[in-house]
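Trainee: Hi! Could you walk me through this one?
Mentor: Happy to. Here it is.

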Amino acid sequence: MARKVTTQRKVIMTAIAWALGILIFFPILWTFLTSFKSEADAIASPPQFLFFHWTTENYAEVQSRSNYLSHFMNSVIISFGSTLIGLIIAIPAAWAMAFAPTKRTKDVLMWMLSTKMMPPVGALIPIYLMFRNSGLLDTRIGLVIVLTLINLPIIVWMLYTYFKEIPGEILEAARMDGASLMKEIVYVLTPMAVPGIASTLLLNIILAWNEAFWTLNLTASKAAPLTAFIASYSSPEGLFYAKLSAASTMAIAPILILGWFSQKQLVRGLTFGAVK
């Protein structure tokens with residue numbers, strides 16, 4: 001029997017949820033507002049929240065100094081490319097671990113997860129040297145490879161948990177009907193796990209889009225994504241907060257819009273199998 005929730009409890013929980021939401025969203029809002037300030041207003045004390053001289057000169061200067069479209073396309077190619085390649089590799093791997101496990105399956109899963117615990121700087125020098133010797137520095141292909149490898153453990157783990165919720169009897173029935181392994185994965189397993197695959201795709205696009213460490217260390221100008229675009233406004237002469245905020249707003253706007261329109265799919269996928 002469901003427990004009755006009082007009106008007072010609803011009001012309190014709603015107020016707490018709104019307070020937490022505003023607290024989490026406030027840095028983004030402050031960055032957005034600062035992008036329309038002059039540099040003097042950006043560092044004014046006490047801070048000016050709404051009552052300041054609004055200007056779009058920061059956006060005009062950012063666009064004149066940098067080729068935003070080029071950085072944007074690099075981010076799109078790198079994030080979507082690494083995620084799609086990761087899915088192509090991870091779907092068969094997660095299928096094998098979920099439906100054909102061995103006594104080493106759990107050890108392999110834990111080993112994959114443990115690779116995320118290592119500080120990225122620990123692998124920077126060998127990867128940098130390998131990329132330099134193979135001509136992959138400052139290339140989109142190089143960043144797609146490294147981001148695929150970095151996010152692959154997360155993709156495999158997420159798909160593995162989704163696949164485990166799918167009854168194995170359905171796949172056995174497909175085999176009895178004469179389906180090959182490839183047809184079983186493509187035509188039976190994948191359609192049933194669409195919510196999980198969609199949420200995995202969206203989450204890893206966001207992770208790849210926001211990746212800064214590898215993009216800053218393995219690129220210079222040709223393949224520099226939006227993370228490098230933002231970093232270019234931090235200089236030895238000082239931090240230009242208004243221009244930095246304008247660049248940040250331009251960089252995060254596409255992924256915020258994507259997340260806003262796909263939030264239902266993301267939530268559905270992240271709760272896939274949790275609620276029957």
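Mentor: One term before we start: contact means heavy atoms within 4.5 Å. Also keep in mind that this is a predicted model.

Trainee: Okay. Which residues of α4 and α9 meet?
Mentor: From α4 you have I91, W95 and F99, and from α9 they meet L181, E184, I185, L189 and T190. By type, the residues of that contact are 6 nonpolar, 1 polar and 1 charged.

Trainee: At what angle do α4 and α9 pack?
Mentor: About 90°, with the axes 12 Å apart. Helix α4 covers residues 68-99 and helix α9 covers residues 181-192. The two helices are therefore roughly perpendicular to each other.

Trainee: Now α5 and α7. How do their axes cross?
Mentor: Helix α5 (residues 105-114) and helix α7 (residues 140-164) cross at roughly 140°, and their axes come within 8 Å. That angle makes α5 oblique to α7, since only angles over 145 degrees count as roughly antiparallel.

Trainee: Is that crossing left-handed or right-handed?
Mentor: The crossing of α5 and α7 is left-handed.

Trainee: And what residues meet there, in α5 and α7?
Mentor: L109, M110, M112 and L113 in α5 meet L152, P153, V156, W157 and Y160 in α7. The contact of α5 with α7 has 9 nonpolar residues, no polar and no charged.

Trainee: Switching topic: what does UniProt list as "transmembrane region"?
Mentor: The unreviewed UniProt entry lists residues 12-33, 76-96, 108-129, 141-163, 184-209 and 240-261.

Trainee: What do residues 12-33 look like in the model?
Mentor: That stretch is 100% helix and 0% strand, and its end C-alpha atoms are 30 Å apart. For residues 76-96, the model also gives 100% helix and 0% strand, with 30 Å between the end C-alpha atoms.

Trainee: How is the chain divided into domains?
Mentor: The domain assignment gives domain 1 (7-59) and domain 2 (62-271). Their centres, taken over C-alpha atoms, are 30 Å apart. Where they touch, 12 residues of domain 1 are in contact with 13 residues of domain 2.

Technical notes. Residues numbered from 1 in each chain as written. Predicted model: local features only at pLDDT ≥ 70, side-chain atom pairs only at ≥ 80, totals over all residues. Heavy atoms only, no water. Axes fitted to C-alpha atoms, helices over the stretch in contact; angles between N-to-C directions. Helix = DSSP H or I, 4+ residues; strand = E, 2+ residues; numbered from the N terminus. Parallel < 35°, antiparallel > 145°, perpendicular 65-115°, else oblique. Nonpolar A, V, L, I, M, F, W, Y, C, P; charged D, E, K, R; others polar. Left-handed = near helix turned anticlockwise from the far one by under 90°. UniProt positions renumbered as here; feature names shortened; annotations may be inferred. Domains from an automatic or database assignment.
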